[in-house]
Structure formats: structure tokens, C-alpha cells
Amino acid sequence: MSTSILVVDDDVDIAVVLCDRLEAMGNRVRAASDGEAALVAIKQDPPGLVFLDVEMPKLSGLEVLRRVRKDWPELPVIVMTAHGTVARAVEAMKEGAADFIIKPFDMEQLKTVITKALERKALSGEVIRLLGDISHDIKNLLSPVVCGAGLLESEIDELVDRLPEIDAVQAQASHKLCDEVIAMLRDTAARIQDRTKQIADYMKGLSTPPQFASCRIATIVDSVFKTLHLLAEERGIKFRSEGLVGLSPIQADERQLYNVFYNLINNAISEVPAGGSITVSGKEEPTSGDLLLAVSDTGRGIPPEVRDTLFTDRAISLKPGGTGLGTRIVKDVITVHGGEITVESELGVGTTFAIRLPAKPPGAAEQRCSLDKST
């Protein structure tokens, strides 16, 4: 895989030799003769990797490294050093260098340090993305917990105030509401724990792959409705489902699909005015058995400039405090399941997310085979 590399060394002969070897490996290489020129080159066109000499005039390699770490924290830097300056290389590692290499350079050594540096960069980006996804979900999952706790507190306070005069019917109705809220709090808290566990698992090197098993869309959507119905009722919004009960079960990760519908429905709640509705509908495609699902709302609609970025890294949100991560999480999950998602929206009318899910995603067969071999 070709990588854009910047070589920074005031020794022209060494720079030429290194550039030639890196280009022979298929990389795109530029050179800078001092630290100041290196910072200008990085600012104008950030490379994927930097080879940086420790000992340079004008601006030392260590100072360049410190500035790179401050302004481009994800850019990996490999420090170059001679045998007599290994101590400086160790100091550079403490400043955040990805690795160091001792002159003269060996081709195999170059390949090794480049591979390690790029792997660390990829892992760092993956961890940052994963933590962003999880923190987004935790933030959203906490909304009904906070709302439910407030309603439960108010209901109990009112119940205590009316205790001497309360009749059996009122007591039964209050008890039913409290039970519903408590169930919602427990379910949401369990899902928060599940998402938080993924952080711990990932940091131990155990990223959480999808766990495909037979599940029903109707059950997943009903669980989301139960979690969010208090938020919807507060805003005067109706939840509806159409055609879900009759859908055949599919092989999917129920936890991940819960996050898909939770994100789409929770986002819609903030956009739908009082008296509006959010509908989840579905049908089966006769020939393939794929599920064709839709999450539709009667909200304000999404401006074209926002709609066109929803499933990209440039996704933006119009919600106060929103990050745009929700729709990217949705897209990632649908992709893992071998499905597709599209969106249509009309300002002042509403938005519809259309989802196609295969009955058996590609990864499900591999997972089944793996389980069979282990038993």
C-alpha cells in the first residue's frame, strides 16, 4: 500500500538514499532539508508518515516533533539517529515518536518500522472512532433514564401527598406507571452497561464483532418504543409500527440493530412537532427474502446540505450538542449486516430512512462455520 512520506534530514546524501529506498517500496516521497521547511511542508500537504532526523540546525528534530505532536497529533513520526545519538532517540520516543531507526538503513528494517507505525496510527483512529460511537450512544441512552427518573420522582411525590385520600383505582394506575418507568430505567441501564463494556473489551484487544443470531425486527422496534415512549409522550408524538409482526426472523446482531433503530427514532423525536408521528414499517421482498424497512416521521425535514453528509465522515447535526455520529453508527451497522440505507426528506413534510437487510448477512455464515469447527 502506497504511503505519502516526508523525509526530513539536513544531510543531502542520506536524504537521497532514504528517498530512493522508500520510493522503491512503492511510497510517494518528499524531502525537507531542515525543521522549519518540514513544518511548512506538513502544513501545506500533511503526509501519512514522517522520517525525522534528530540532529538538525535551525530547529532541532525534538522541537519539530513537539510541534507535530501538538498540531498533528495523529501523524506518526519515525526518528532517525546515528549510533552515537541513540539517547536522543529515546528522548524522542518519550516526546511521542512512533519509533526510531538507526543509520545506515536496512530495507527490512525500514519495512518493519513503517508497518508498525502505520498499524499504530490505524489502531489509534479506530479506538478514537469506537470511543466516539460509544460515548454518543451512552449520551442518547441516558436521556430516557434522566427523563424517567424525573417522572418517577414526581409520581411518587404526588402519590405520597395524596396518600390519605387515594382510592384503589388511582393507586393501581400510579403503581402501573411506576412499574413501567422502573422497567425502562433497568433496561436502559443494562444497555449502557453493555456499551461501556465494549470500551473495556476493546482496550484489552477484544473488539466486539457482530454476534449473528435469529432475531425479529418487531421485537427490536418494540423494545426501542418502550424505552423512548415517555420522551415521545412528553412531546405529544405518536409511535406507530406497520407490517413488522408478520416479518420472518433474520440472522442479525440484535444489540447492534437496537442501536440503529434507537438512533433513528431518538433523532426523529427532536424534529417532530406535537401531534406528529414516527412510523416504523416493513415488508419482505418475495424473491430474495430481504427485509425492506422504513423509519418515517412527520417532522421538519432535513436540509439538503445536511442530508447529503449523513452517512459520511463529514456528517453534521442540527441538534444542540449533536455530533452527527448517530447516522454514521447506523450506516456502519447496516454495512456490517450486508444491507443498505438511504434517506429521503422534504422540508416541512418529513423524513424517511429506507433500510434493506438480507435474511442472512455474509458474516453470519462465516460465524456459523467458526462455531461448528470449535464444537
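Author: K103 is buried, with a relative accessible area of 16%. Buried means under 20% relative accessible area, exposed over 50%, and partly exposed in between, using a 1.4 Å probe and protein chains only. The model is predicted: local features need pLDDT of at least 70, side-chain atom pairs count only at pLDDT 80 or more, and totals for chains, interfaces and linings use all residues. Residues are numbered from 1 along each chain as its sequence is written, and side-chain values use heavy atoms, with hydrogens and water left out.

K103 forms a salt bridge with D9. Their closest N and O atoms are 3.2 Å apart. A salt bridge here is a side-chain nitrogen of Lys or Arg within 4 Å of a carboxyl oxygen of Asp or Glu. K103 lies in the loop between strand 5 (99–102) and helix 5 (107–161), and D9 in the loop between strand 1 (4–8) and helix 1 (12–24), so the pair ties together parts 94 residues apart in sequence. Helices (H or I, at least four residues) and strands (E, at least two) are DSSP runs, numbered from the N terminus. D9 is also buried, at 2% relative accessibility.

E271 and R300 form another salt bridge, with closest N and O atoms 2.7 Å apart. This pair links distant parts of the chain, 29 residues apart. E271 is in the loop between helix 8 (254–269) and strand 9. R300 is in the loop between strand 10 and helix 9 (304–307).

R307 and D308 meet in a salt bridge too, at 3.2 Å from N to O. R307 is partly exposed, at 26% relative accessible area. D308 is exposed, at 52%. Elsewhere, shared partners join D9, D53 and K103 into one salt-bridge network. The whole structure has eleven salt bridges.

Strand 9 (residues 277–284) is mostly covered, with six of its eight residues buried. Strand 7 (residues 238–242) pairs with strand 9 in the parallel sense, over five bridges. Two strands pair if DSSP finds at least two bridges between them. K238 stands opposite S277 in strand 9. Strand 9 also pairs with strand 10 (residues 291–297), antiparallel, over seven bridges. There, G282 has L293 of strand 10 as its bridge partner. The hairpin of these two strands has six residues between them, and G289 takes a positive phi near 80°.

Strand 10 runs antiparallel to strand 12 (residues 350–357), joined by seven bridges. V295 stands opposite F353 in strand 12. Strand 12 is joined in turn to strand 11 (residues 340–346), again antiparallel and by seven bridges. E344 has T352 in strand 12 as its bridge partner. Strand 11 and strand 12 form a hairpin with three residues between them. G348 in that turn has a positive phi of about 80°.

The axes of helix 7 (residues 217–234) and helix 8 come within 9 Å and cross at roughly 35°. Axes are lines fitted to C-alpha atoms, over the stretch in contact for helices, and angles run from 0 to 180 degrees between N-to-C directions. Residues in helix 7 that meet helix 8 include I217, V224, F225 and L231. Among their counterparts in helix 8 are L257, F261 and I265. Contact means heavy atoms within 4.5 Å.
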